[in-house]
Amino acid sequence: MQRTDLLDGVFSGGGSLGIAYIGALRAVREHGFWFARVAGTSAGSMVAALIAAGYDAAELEWIFAPLGSTTHRPDSLPSSITEPIDLSTFLDYPESSSDIDSTIMRKTYLWRAIKLNAVDELLNRKLTRLPARNQLVDDITGRIVALSFGRLGLFRERIKAVLNTALHFYPEDTPAIRSFMPITLEQLREDIADVHLEGICRYG
């Protein structure tokens, strides 16, 4: 088994140039060295974090491979990692929202988080001021009977049955915003994520 001498590694920044570390890491490993402790800033912090998490040189080379690269994916990588990191998603926000490239914006982790979490959180919010279907039917039935001065009281159950049929689309439990949304939500998620991220870029 090849002996590994342990080093302390400090990785500086450099934006997308941080990918230059990958060749150096491969050389370090090939010469029998690796890292006991690591630190880094900016792009270097990404490299340091992945080393600290246990990724080796071959895995890092694939993770940071440029888009379109044919580098072989190591079998040792977790199955959840399906594609290399797109370093453009880590770019700083532009000074003006008008400068945002929507294609790049939609690749950022923040945009994805807003799209997947914020929208669903909103849609799942209960509309507590709206009654469940049974409450609504009871209320409408009571008002109908009251307007008839009680003459329709004998037909209360029939009125409720008609209303239940007519309101079949209304949620049985306390409705949430999602209850009144179309089935296809993908476009809504994307539009809301666009607006939120543009607001963050514009107002900070």
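## Aromatic pairs and salt bridges in a predicted chain

Since F11 belongs to strand β1 and F35 to strand β2 (residues 33–40), the pair ties together parts that are 24 residues apart in sequence.

F11 takes part in a further ring pair, this one with Y21, and both of these residues are buried. Here the centres lie 5.1 Å apart and the planes stand at 90°, so this pair, too, is edge-to-face. It links distant parts of the chain, with F11 in strand β1 (residues 5–11) and Y21 in helix α1 (residues 21–30), 10 residues apart. A search of the whole structure finds three aromatic pairs, and ring pairs join F11, Y21, W34 and F35 into a cluster. Elsewhere, an aromatic ring meets a charge: the charged end of R73 sits over the ring of W62, 5.6 Å from its centre.

Of its 204 residues, 31% count as buried, while the chain exposes about 13,600 Å², of which carbon and sulfur atoms supply 57%. Among contacts between residues at least 6 apart in sequence, 63% join residues at least 24 apart.

Turning to charged pairs, the structure holds four salt bridges. One of them joins D8 and R37, whose closest N and O atoms are 2.8 Å apart; this pair links strand β1, which carries D8, to strand β2, which carries R37, across 29 residues. R37 is exposed, its relative accessible area being 57%.

Another salt bridge connects K160 with D138, the closest N and O atoms being 3.1 Å apart. Because K160 lies in helix α7 (residues 156–166) and D138 in helix α6 (residues 133–147), the pair ties together parts that are 22 residues apart in sequence. K160 counts as partly exposed at 21% relative accessibility, and D138 is likewise partly exposed, at 40%.

Helix α6 also holds D139 and R143, which are four residues apart and therefore separated by about one helical turn. These two residues form a salt bridge with closest N and O atoms 3.1 Å apart; D139 is partly exposed, with a relative accessible area of 37%, whereas R143 is exposed, at 54%.

Key:
Residues numbered from 1 in each chain as written. Predicted model: local features only at pLDDT ≥ 70, side-chain atom pairs only at ≥ 80, totals over all residues. Heavy atoms only, no water. Phe/Tyr/Trp six-rings, centres within 6.5 Å; stacked < 30°, edge-to-face > 60°. Helix = DSSP H or I, 4+ residues; strand = E, 2+ residues; numbered from the N terminus. Buried < 20%, exposed > 50% of the residue type's maximum accessible area, 1.4 Å probe, protein only. Lys NZ or Arg CZ within 6 Å of the ring centre and 35° of its normal. Contact = heavy atoms within 4.5 Å. Areas by Shrake-Rupley, 256 points an atom, 1.4 Å probe, with all protein chains shown as cover. Salt bridge = Lys/Arg side-chain N within 4 Å of Asp/Glu carboxyl O.
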